[in-house]
Amino acid sequence: MENKVIINEKSFQRIEKKPKELGTVYHRSIWKDIASEIKANPIAIFAVIFLTVIIIAALLAPLSPYDPNKLDLANKFAGASLEHPFGTDMLGRDMLARTLKGLSVSIVVGTVASCVSAVIALIVGVAAATGASWMDHLINWVIDLVMGIPHTILVILISFACGRGLKGLLIGVAATHWTSLARLIRGEVMQLRNQQFVAVSRRLGKSSGWILTRHLLPHLVPQFLVGLILMFPHAILHEASISFLGYGLPPEQPAIGIILSESMKYLSAGMWWPAVFPGLLLVAVVLLMDRLGENLRVILDPYSAQE
């Protein structure tokens, strides 16, 4: 007589206990790998420390004793000194205070826009992979359309349509940076749908929502996290470039793009510090954030290191 193995709801729950524990250990090992990799990499340590200092200084800029908009015509175009480490601009305003204030605006725009774009990418990618065929074709068509238009032009158009200013710029940047991550998430979900544990869950009568929250979303955490971090420098650069062109934040706002735009006309006269110091700080933040995201991507996805 043959021995038959019957898998019911209770036995499935017992089987799930050990994988859950293994999943916890797996996620813990990921964070341990990230910490150990950063400790072993001097560039990563420098990037984390530098970015932490800059972000804290930028967020505490409103508490500075120097008003970024205070005029001091007697000290216009003063060079770097202990009183003004970044010098002053054409109106005698302290460039360090203006740079930190502008960087705080860029950090806010980059953080909010990156988070919104990452969430949009997650929703769109999962919907394209798990929805009907017509929805997948429609989402792919929208992604191709958005990626086919230059980001700068698209951000300017959306910013104008939403009333310009900080709100229009946030919406414009957030609405144009989700496409690449959405396509990546769609591909990951398409692969996960064909895995054996997903098929077993369907055979046991699990709902699509249960499979999504228990099987699909946990596997998408590394891609989501890396994509979120790598979006941040792109969002900051687009905010600065749009403001530099005059289509972003208002001129009275001490943003990095506006500071650079005002300082360009004085470079030929030898007044280089109002443009060089803010530009170098912006480039340093962008490059170090991008390098940190790339290192994190290699740690979470070792196969990408072979590409």
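1. The model is a predicted one, in which local features need pLDDT of at least 70 and side-chain atom pairs count only at pLDDT 80 or more, while totals for chains, interfaces and linings use all residues. Residues are numbered from 1 along each chain as its sequence is written, and side-chain values use heavy atoms, with hydrogens and water left out.

2. Asp-89, Arg-93, Arg-98 and Glu-262 form a network of salt bridges. Within it, Arg-98 pairs with Asp-89, with the closest N and O atoms 3.9 Å apart, and with Glu-262, where the corresponding separation is 3.7 Å. Because Arg-98 belongs to helix H3 and Glu-262 to helix H11 (residues 256-264), the latter pair ties together parts 164 residues apart in sequence. Arg-98 is buried, at a relative accessible area of 1%, and Asp-89 is buried at 1%, whereas Glu-262 is partly exposed at 22%. Here buried means under 20% relative accessible area, exposed over 50%, and partly exposed in between (1.4 Å probe, protein chains only).

3. A further salt bridge joins Arg-183 to Asp-144, with the closest N and O atoms 2.6 Å apart. Arg-183 lies in helix H7 and Asp-144 in helix H4, so this pair connects parts 39 residues apart in sequence. Both partners are partly exposed: Arg-183 has a relative accessible area of 33%, and Asp-144 has 45%.

4. The chain contains twelve helices and zero strands; helices (H or I, at least four residues) and strands (E, at least two) are DSSP runs numbered from the N terminus. Of its 307 residues, 40% are buried. Among contacts (heavy atoms within 4.5 Å) between residues at least 6 apart in sequence, 69% join residues at least 24 apart. The accessible surface is about 17,300 Å², 66% of it from carbon and sulfur atoms, as given by the Shrake-Rupley method with a 1.4 Å probe; for residues, only the protein chains shown count as cover.

5. The largest nonpolar core has 24 residues, of which Trp-178, Leu-181, Ala-182, Ile-185, Val-189 and Leu-220 touch the most other members. Helices H3, H4, H5, H7, H9 and H10 each give two or more residues to this core, and H3 supplies the largest share, six residues. A nonpolar core is a set of buried Ala, Val, Leu, Ile, Met, Phe, Trp, Tyr and Cys residues joined through side-chain atoms within 4.5 Å. Leaving aside residues up to four places away in sequence, Leu-181 touches Ala-118, Ala-121, Gln-223, Gly-227 and Met-231. Apart from this core lies another, of 22 residues, including Ile-229, Ile-256, Leu-281 and Met-289.

6. Ser-243 is located in helix H10 and is buried, with a relative accessible area of 3%. A polar atom of the Ser-243 side chain lies 3.0 Å from the backbone oxygen of Glu-239. Beyond residues up to four places away in sequence, Ser-243 touches Leu-169, Gly-248, Leu-249, Gly-257 and Ile-258.

7. Ala-161, in helix H5, counts as exposed at 69% relative accessibility. The C-alpha atoms of Ala-161 and Gly-172 are separated by 9.1 Å, the two residues being eleven apart along the chain.

Notes. Polar contact = N/O pair within 3.5 Å; in protein donor to acceptor, adjacent residues only side chain to side chain. Salt bridge = Lys/Arg side-chain N within 4 Å of Asp/Glu carboxyl O.
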